[in-house]
Amino acid sequence: MKMRNPLKPKKKSRRFAELQEDRGFTDAQFETTETPIPWSAIGLATLLFVIGGILLTIGILVKIGQITSDVWLARGTAFIVLGSIMFIPGSYHLYIAYYAYYKYPGYDFNLIPDWD
């Protein structure tokens, strides 16, 4: 008796029924709508970016000794920390907004949280 190779499929003719009508799905289900530009969120991101950059600059100037006033010397680290907390999310959201505006693949305005 000859052994059959288990990796080879059996020779059977298969019959498939062709669908005559596709029910339940429409092309509109798979279309994505254009997301409106969240101007308020982009404005907030710009504000965070600018103020954070200013605070970082002041904090760094205090730490390297360019600003030597006694009032400012104890506040250098606080300016750096607050500037970083504001600068990082602002720059991240402006980065996303830039790439979404120029329609880079994978970037959309849905990635920017909008405050309602």
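Where does Lys 103 lie relative to helix 3 (76-101)? Lys 103 sits in the segment after that helix, and one of the views below comes back to it. Everything here is a predicted model, in which local features need pLDDT of at least 70 and side-chain atom pairs count only at pLDDT 80 or more, while totals for chains, interfaces and linings use all residues. Residues are numbered from 1 along each chain as its sequence is written, and side-chain values use heavy atoms, with hydrogens and water left out.

**View 1. The protein chain has three helices and zero strands.** From the N terminus on, the elements run α-α-α. Helices (H or I, at least four residues) and strands (E, at least two) are DSSP runs, numbered from the N terminus. Of the 116 residues, 16% count as buried; buried means under 20% relative accessible area, exposed over 50%, and partly exposed in between (1.4 Å probe, protein chains only). Among contacts with a separation of 6 or more, 60% come from residues 24 or more positions apart, where contact means heavy atoms within 4.5 Å.

**View 2. Helix 1 (39-64) and what covers its buried residues.** With 26 residues at 1.5 Å a residue, helix 1 should span 38 Å, and its end C-alpha atoms are 37 Å apart, which agrees. (The expected span is 1.5 Å times one less than the number of residues.) Its buried residues are Ala 41, Ile 42, Ala 45, Gly 52, Leu 55, Leu 56, Gly 59 and Val 62. What covers them includes helix 2 (70-73) and helix 3. Just after helix 1, Gly 65 takes a positive phi of about 95°.

**View 3. Helix 3 and its buried residues.** Helix 3 also gets a length check: it has 26 residues and reaches 36 Å from its first C-alpha to its last, close to the 38 Å expected at 1.5 Å a residue. Gly 76, Phe 79, Gly 83, Gly 90, Ile 96, Ala 97 and Ala 100 are its buried residues. Their cover includes helix 1 and helix 2.

**View 4. Lys 63 and Met 86, two spots on the helices.** Lys 63 belongs to helix 1. Leaving aside neighbours within four places in sequence, Lys 63 is in contact with Gly 76, Thr 77 and Ile 80. From Lys 63 to Phe 79 it is 16 residues in sequence and 9.9 Å in space, C-alpha to C-alpha. Met 86 is in helix 3 and is partly exposed, with a relative accessible area of 21%. The C-alpha atoms of Met 86 and Phe 49 are separated by 6.5 Å, although these residues are 37 apart along the chain. With neighbours within four places again left out, Met 86 is in contact with Leu 48, Phe 49, Ile 51, Gly 52 and Leu 55.

**View 5. The largest nonpolar core has seven residues.** They are Ala 41, Ile 42, Ile 96, Ala 97, Ala 100, Phe 109 and Ile 112. A nonpolar core here is a set of buried Ala, Val, Leu, Ile, Met, Phe, Trp, Tyr and Cys residues joined through side-chain atoms within 4.5 Å. Zoom in on Ile 112: beyond its neighbours within four places in sequence, Ile 112 is in contact with Pro 38, Ala 41, Ile 42, His 93, Ile 96 and Ala 97.

**View 6. Ile 37, in the segment before helix 1.** Ile 37 counts as partly exposed, at 27% relative accessibility. Not counting residues up to four places away in sequence, Ile 37 touches Ile 42, Tyr 101 and Phe 109. Ile 37 and Phe 109 are 72 residues apart along the chain, yet their C-alpha atoms are separated by 6.3 Å.

**View 7. Lys 103, with a positive phi near 55°.** Most residues other than glycine have a negative phi. Lys 103 is a residue other than glycine, and its phi is positive. Lys 103 is exposed, with a relative accessible area of 61%.

**View 8. The largest pocket holds about 160 Å³ of space.** Its lining is Thr 32, Thr 33, Glu 34, Thr 35, Ala 100, Lys 103, Tyr 107, Asp 108, Phe 109 and Asn 110. On a 1 Å grid over the protein atoms alone, a pocket is an open set of points where a 1.4 Å probe fits, with protein on both sides within 12 Å along at least five of seven lines; lining residues have an atom within 4 Å of a point. Grid points are joined across faces, edges and corners, and the volume is the space filled by probe spheres set on them. By class, the lining has three nonpolar, four polar and three charged residues. Ala, Val, Leu, Ile, Met, Phe, Trp, Tyr, Cys and Pro count as nonpolar, Asp, Glu, Lys and Arg as charged, and the others, Gly among them, as polar.
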